[in-house]
Amino acid sequence: MMISALINIHLKYLQRSKGIIFFTVLSPVMLVLTAIMSAPEGSTARTVLILDEKIIDPAPKILDLLLILNTLTAVVLVCSLTSFFLYYEIKSTIPRLKQIGYSQFQISSSYLIIILVINSLISGIMFIISLYWVDIREPIGYVLGLVLTSFIFSIIGLIIADVVKTKTMGLYSIISLGILDAGFIENPLYSRRFDDPVVDILPAHKTAEVLLRASFDTGVKWTDGLINISGYIIILLLIFYFTSIYQKKI
Amino acid sequence: MSVKGFNINLNLSLYKPFLKNMLRQRSIFISTFILPILIILTTWWITADTIMIVKFAFDSNTTISTDMISIHIITGSLTAMGITASIFTFILVSDNHKLSNRLQLAGYSMISINIGMFLSLILVLSASALICGSITLFLVETKEPLGVIISILSITILFSAIGNLLGWIYPKNNEGTLILLFYSFIDLMYFTNPMGLGVYLQKWTYLLPGFWPTQIALTAGFYGYSDSTRQAVLYIITYVLILLGISIVLKKQIHNIKGTKVL
């Protein structure tokens, strides 16, 4: 009951900035359309792709690969920035909420529920857009991969919003992580390190694997990475919970 | 002096208090280095070691094949500075709206406030651009190092002007940041970049703000000096002046419609 009251407060904040709803949908769509326009030789060029030590046969179209990875980047950037702004703008009210009787667990849970709903909506829209251009083998794996990636980056957005002192510092940290991890490192077209063991610890790595396995036949089931992703999410949730406990009192 | 309702008393000294205010918060200043340094170093570490073919707008008959790492480091540094400059300027301009309204009440003209704030932001961002350029030149062997530095500085000023325009006319942090982030990313990573094979060097991309700085950087990096570089610098200066002019005119219009809020 108390959590639903908190969710109402956060929803009212979101309703006040209606423009954000428009741009959270428009921005990722723009990035996906860019992938379609910039794909070489229309939609027919193909590339050699090795995933899970297997050469993908038939070779995937560059357009498909660009679309899948741009969708991932777009979802990551929109979800992490939305959660960062949501938490950064309201975090000064948390000590007051605690004084009127809300526990830290209730406050954190209400944020997470709101963010999970936003992430699912954005991932769902991006999934529908992707379906129009890409023939996805395992649609459930694909949409789950998007939701999990967005959730991981949203929690990172919350943690950064909690830790940083200035808005610009937090923004650049999130954008750097999102662009570098989802936009470059996990992209087999440009990166020579996308299957390097060092990048295993990066937040988008396991979920990008789920997306690619759900899209192309690599010989490995897309569900294989889910345990690792769940572990990653639990660790991030714990970090978020403990950082938010140390909020300064008014 | 007043022209059609515009007070055009230009007081350039206004940049000093803005600059002091920014430098007081060291974390804001340091934040401008995070994105460029991380992007350049990561690009150098991850980019596939393959050969890439590049064409130039200045000389469409010339084709150069070079390693993808060098191209990505140069275009990566341009992208990083574009994103950093646009978002940094946007956030600070939109956060300083009430301050600028108070300055207007104190008698400063809209032009003085806009130019003063823009100059202070450019000074801070130039430090970041120079460091970004130095790291780029350390990692990539270029034919005209000065051209690469000029292109990084020009992209900083140009995207700062875009952030400035949006900050004055649409001062909403969340939406503005998303617009600028995605716009800078799409412009510099796909439309004006050799990476966007399907659209690179198409005529309509010449109008995009990222096009000429990217061409200056690629020409200076892999081709050498070209007479057209000066022409490109002139385009960029014109672009910046037009954006600043639009921001002053639109801000004035918004001010006339909505009035001044100082509290």
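The model is predicted, so local features need pLDDT of at least 70 and side-chain atom pairs count only at pLDDT 80 or more, while totals for chains, interfaces and linings use all residues. Residues are numbered from 1 along each chain as its sequence is written, chains are lettered from A and ligands numbered from 1 in the order in which they are written, and side-chain values use heavy atoms, with hydrogens and water left out.

**Fold of chain A**

- Chain A contains nine helices and two strands, where helices (H or I, at least four residues) and strands (E, at least two) are DSSP runs numbered from the N terminus.
- Read from the N terminus, the order of these elements in chain A is α-α-β-β-α-α-α-α-α-α-α.
- The C-alpha trace of chain A spans about 60 × 35 × 35 Å along its principal axes.

- Taking contact to mean heavy atoms within 4.5 Å, 77% of the contacts in chain A between residues at least 6 apart in sequence join residues at least 24 apart.
- Chain A carries 19 positive and 17 negative side chains, and the centres of the two sets lie 17 Å apart; Lys and Arg count as positive and Asp and Glu as negative, without His and the chain ends, and each charge is placed at NZ of Lys, CZ of Arg, CG of Asp or CD of Glu.

**Aromatic rings**

- Rings of Phe, Tyr and Trp (its six-membered ring) pair if their centres lie within 6.5 Å, and planes under 30 degrees apart count as stacked, over 60 as edge-to-face and the rest as tilted; over all chains this gives 16 aromatic pairs.
- A:F84 and A:Y88 form a stacked pair, 5.5 Å centre to centre with 25 degrees between the planes, and both residues are buried.
- Because A:F84 and A:Y88 are four residues apart in helix α3 (residues 62-90) of chain A, about one helical turn separates them.
- The rings of B:F29 and B:F33 have centres 5.5 Å apart and planes at 85 degrees, so this pair is edge-to-face.
- Both B:F29 and B:F33 belong to helix α2 (residues 26-46) of chain B, yet B:F29 is partly exposed at 26% relative accessible area, whereas B:F33 is buried at 15%.
- One aromatic cluster is formed by B:F58, B:Y206, B:F211, B:W212 and B:Y235.

Conventions. Buried means under 20% relative accessible area, exposed over 50%, partly exposed in between (1.4 Å probe, protein chains only).
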